[in-house]
Amino acid sequence: MNISRANIRAWSRLGQRGSFFGIAMPEIAKDRDNLKLLTADLSLLSGMDRFISAYPDKFLQVGIAEQNMIGIAAGLAMEGDCVFATTYASFIAVRSLEHIRQHLAHLQCNVKIIGSAAGVVAARSGVSHWATEDLAFMRVLPNLTVLSAADSLEAIKMAISAANMEGPVYIRLSGGLDCPVVYQEDYDFEIGKMITLREGSDVAILATGLMVAEALEAARLLEEKGISCTVLNVHTIKPLDKERLDQIFDNHKLLVTVEEHNVLGGMGSAVAEYKATKENVPRQVFLGFQDAFAKAGTQRYIWEQTGLTGPQIAERIEKEVFL
Amino acid sequence: MSEMVSDKHRTIDCSAQKAEELREMAKRMRLDALDMALSTGQKGSHLGGSLSCIEILAVLYGEVLRIDPKWPQWEERDRFIPSKNHCTLAHFPALAEAGYIDKSELVEFTKDGGRMTGYPRNLEIGLEYSGGSLGMAISVGIGIALASREQGRSNRVYVMMGDGELNEGCIWEAFMSAYQYRLDNLVVIIDRNHLSYDGDTEEVMALESLEDKMKAFNWHTICCNGHDTGDLLRAFSAIKEGVPNIIIADTVKGKGVSFIENRREWHHSRISQEQYEQARQEVLAAD
């Protein structure tokens, strides 16, 4: 796969979902006879046309029946297939939760479930189409690996890494078309290893998904004010990179977690659960939806209500630092 | 008319002699089920819904399923997926009859950490699926059937479901999709015992006409007496190509023991020593 700057720009236009299904999946299918791609009536929206025309036998339309899709995926996996199954994040992670628990977590079937449009990108469709609790539901299931992509290139890397590992994975894809670019060039992605995007000495901002780009913007704004921030991309929510967290706890005065997700049960909670077992660790600020549903509008409007834009994150951190 | 019925995959012996043999097998399994129930003591067990599917399982394990207990990972084996997974008092005796486990092990089925405890998946002893939450297994059966067909295998997937669990909505998603994919290697058996935990299925949530519903879903629908081994053999030999098949086996919950039959409180209950003795006598005396 040619990870050139031009391709990175093109993939960002396709968004995380378009890159995952339109670019990564046909690539993965090339040398895998046992690959299957399932969707619950979302092939068109997910940009699967290229995959379907190249590999019609590897594609299965399940219709708008997410629970059935998870069971079918498990059955295929029991017979040796490597299965990818997708629909909107809320429909796959929440509506199908018990099926995922029984068939993927308990029986450890080799199924990768991809929840797209996570967060609030389905802005005007309203709360029913937002996924702001999916990480919490997926994270508590034993045996599941939980990933959350920062940009289109990372979505591609996640697809490939997930295909290369055995066992169930939840991949959270956020945003729609025109996903902001975090990675301008190729980089090393490894499941379970968070990525340091910027080194600083005062505050550590741990972000996931679309919040990574916002966190970088906040860090730039704070630098102008003399506040030095480390920015980390927590692309793997589970297993958590505890080794790196220990270093971060040692070297920073304040920890800020940012996610396009409820502050209950998400990435911030995962970090806090681990931090609670340690002594002399920094205080933590949880940014995300504060256990409330926002009012519908544009994605930006929704973020603004809870302070998730780059400038708002910077403003909040400045206040916390000078408390 | 020939007593041996063949399709492209297999031959089913529908003779009176085979039916009688399976009736004897069912009788032994019923006695095993009572032993298992007694062994649970105060914990109790699912006797009612197990006694209703004894003949179904006897016919499957005694004649229909193409399996080899000495080769449990055989790719071409038929898969039996118990969706009503609480039928262990019938299923484990069938596995013992088939040779997957020793009869002496049956009473250990609730032992702490045991290899049969808690409805595990364990291919070595013929347990293809771990479930129990109702309505979920048929989708897995569909996945297995799709993969089997794609890999060019001639095995079949048999999913046994209770009638109560047909209340679950995702079952109907699965019924639709099995026809959509024309899965003629999938056979569903409904243990139509007319009782769920709270009572008569038609009062709890009416299912009738189940036969019409399944025909409307384009499944080849076969109805039979689920306690008549001969009728069950004929049902399994009437399976059609091109579409998924369903056998609606009319049964009695608690079949074979007068004080358990059609009594909802026996969905899950304790059996006393005295009741056990009486039940055993009734099973032994039955023709």
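Asp291(A) sits in the loop between β12 and α11 (299–306) of chain A; helices (H or I, at least four residues) and strands (E, at least two) are DSSP runs, numbered from the N terminus. Its phi is positive, about 55°, although Asp291(A) is not a glycine. Asp291(A) counts as exposed because it has 11 C-beta neighbours inside 10 Å. A residue is buried if 20 or more other C-beta atoms lie within 10 Å of its own, exposed if 12 or fewer, and partly exposed in between, with C-beta atoms placed from the backbone.

The model is predicted: local features need pLDDT of at least 70 and side-chain atom pairs count only at pLDDT 80 or more, while totals for chains, interfaces and linings use all residues. Residues are numbered from 1 along each chain as its sequence is written, and chains are lettered from A and ligands numbered from 1 in the order in which they are written.

**Backbone exceptions**

Most residues other than glycine have a negative phi, and most peptide bonds are trans. In chain B, His194(B) has a positive phi near 65° and is a residue other than glycine. His194(B) lies in the loop between β5 (186–192) and β6 (195–196) of chain B, and counts as partly exposed because it has 19 C-beta neighbours inside 10 Å.

| Cis peptide bond | Omega |
|---|---|
| Lys238(A) and Pro239(A) | about 0° |
| Glu208(B) and Ser209(B) | about 0° |

Pro239(A) is placed in the loop between β10 (236–238) and α9 (242–251) of chain A. Ser209(B) is found in the loop between α7 (201–205) and α8 (210–216) of chain B.

**Sheets of chain A**

An open sheet of 5 strands in chain A has the order β7-β9-β8-β11-β12, with mixed pairing; two strands pair if DSSP finds at least two bridges between them. β7 (195–198) and β12 (283–289) of chain A are the edge strands, each with a single partner, so one side of each has no neighbour in the sheet. On average, neighbouring strands of this sheet are turned by 25° against each other, direction ignored. Within the sheet, β8 (residues 203–207) and β9 (residues 229–233) of chain A run parallel and are joined by 5 bridges. Ala204(A) has Thr230(A) of β9(A) as its bridge partner. Helix α12 (residues 310–321) of chain A packs on this sheet and touches β8, β11 (254–262) and β12 of chain A, its direction making about 145° with that of β11(A). Axes are lines fitted to C-alpha atoms, for helices over the stretch in contact, and angles run from 0 to 180 degrees between N-to-C directions.

Another open sheet of chain A, with 7 strands and mixed pairing, has the order β2-β1-β3-β4-β6-β5-β10. Here β2 (59–61) and β10 of chain A stand at the edges with a single partner strand each, so one side of each is left without a neighbour in the sheet. Neighbouring strands are turned by 20° against each other on average, direction ignored. β3 (residues 82–88) and β4 (residues 111–118) of chain A pair in the parallel sense over 6 bridges, and the bridge partner of Tyr88(A) in β4(A) is Ser116(A). Helix α1 (residues 5–29) of chain A packs on the sheet, where it touches β1 (35–39), β3, β4 and β6 (169–174) of chain A, and its direction makes about 135° with that of β6(A).

Within chain A, α3 (residues 66–78) and α5 (residues 97–106) pack at about 5° with their axes 9 Å apart. α3(A) and α5(A) are therefore roughly parallel to each other; angles under 35 degrees count as roughly parallel, over 145 as roughly antiparallel, 65 to 115 as roughly perpendicular and the rest as oblique. Gln67(A), Ile70(A), Gly71(A) and Ala74(A) of α3(A) meet His99(A), Ile100(A), His103(A) and Leu104(A) of α5(A) in this contact, two residues being in contact if their C-beta atoms, placed from the backbone, lie within 7 Å.

The contact of the chains takes 20 residues from chain A and 19 residues from chain B. α3(A) gives the most to the side of chain A that touches chain B, with 9 residues.

The axes of α3(A) and α5 (residues 137–150) of chain B come within 6 Å and cross at roughly 45°. α3(A) and α5(B) are therefore oblique to each other.
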